[in-house]
Amino acid sequence: PNITITNPALFNTTVTGATNGTYVFQGKLENNGCSPTTDLVTITISAAATVANAGANQNICGTTVTLAGNTPTVGVGVWTQTEGAGGAIITNPALPGTTVTGLTEGRYKFVWTITNGACASSAPSEVTINVSLASSVAIAGPAQAVCNATSTTLAATPVTNGVGNWSAVSGPSIAVFADANNPTTLVSNLKYGVYVLRWTSRGGVFCPVTQDDVTITVTQNANAGTDRAICSVNSVTLTGNENSTGTWTNVSGPNVPTLTATGTNSSIATGLIAGVYKFKYSLPAVGACVATEDEIQITIEAAPSPALAGADQEQCQPTATLTS
């Protein structure tokens, strides 16, 4: 571009009016009739480079991060690593939004520097990347049918790059885990009913938690209860296994009473008379557990006749005869 040479005859003259760009000047020396000598000099005028901004610090889960430096309007940028484990690979150091691969658990620092010819960035900019590694996805294992037992062994997949933990979501009792961090732990204190148990997988602090549920269906052999003898009633309540869903039926007795269901495991028998009755409680097959049944004997005793002690007596002797 056009400029002004202040004093072309001065060996160290100033030049004014220069703008960004490249200039070539020629110096010439003459002495009377001798041939002149010349030489060229190149002057490059650079603008101040764009101020570098490495972007916000990041907390990530994984082995790859995308950096977020600013795009220079003047100059070119370059990424360098200043802290963190070796093995990190900056895919394209000149790209503001380059990816970095090969990260491991820990803290990394990267610096974004922008220069333009002889002009450096006002100051390099640094960004901190905190890295956590994800654990394996939680897998709680297959659903189970537990037959006439109060415990079972769970079958979750072990967690890699993290820790696993069992917890109870629902069920008819409080499930007790022998070791809640063991994927194949024994769970006990089970009762008749359905349990939902959860296996949770946790990795690094910046990684999401994953969870998976397993259903445990617990059944028991049918239990109609303990035989009873009852005095002079015309109805009785029959109750089977707690939390179960079964069916009550008449087996035998001096007459055929009426059975009315009052719950999933209970019925009331009415119309009873004195004598011995048998009732049966039946539970259906559930999954791998077979159907079972159990009987209870109810004895209805007739009420005794009213007691009559006889008339009051007055005796003038040391003995008396009592007549009922």
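## Buried or exposed?

A residue counts as buried when its relative accessible area is under 20%, as exposed when that area is over 50%, and as partly exposed in between (1.4 Å probe, protein chains only). By that rule K109 is buried, at 18%. E83, with 27%, is partly exposed, and so is R107 at 46%.

Before going on, please keep in mind that this is a predicted model, where local features need pLDDT of at least 70 and side-chain atom pairs count only at pLDDT 80 or more, while totals for chains, interfaces and linings use all residues. Residues are numbered from 1 along each chain as its sequence is written, and side-chain values use heavy atoms, with hydrogens and water left out.

## Salt bridges

How many salt bridges does a search of the whole structure find? There are six, each being a side-chain nitrogen of Lys or Arg within 4 Å of a carboxyl oxygen of Asp or Glu. In one of them, R107 meets E83 at 2.7 Å, N to O. R107 belongs to strand β10 (residues 106-116) and E83 to strand β7 (residues 76-83), so this pair ties together parts that are 24 residues apart in sequence. Strands here are DSSP runs (E, at least two residues), numbered from the N terminus.

E83 also meets K109, at 3.8 Å, N to O. K109 lies in β10 and E83 in β7, so the parts tied together are 26 residues apart in sequence. Together with E126, the residues E83, R107 and K109 are linked in a network of salt bridges.

## A four-stranded sheet

Now look at the open sheet of four strands, ordered β20-β26-β25-β22, with mixed pairing. Two strands pair if DSSP finds at least two bridges between them. Why is one side of β20 (228-231) and of β22 (247-252) left without a neighbour in the sheet? Both stand at the edges and each has a single partner strand, so one side of each has no neighbour there.

Within β26, E301 is the bridge partner of C231.

## R198 and D213

Another salt bridge joins R198 and D213, whose closest N and O atoms are 2.7 Å apart. It links distant parts of the chain, 15 residues apart: R198 is in strand β18 (residues 193-202) and D213 in strand β19 (residues 210-219). R198 is partly exposed at 26%, and D213 is partly exposed at 35%.
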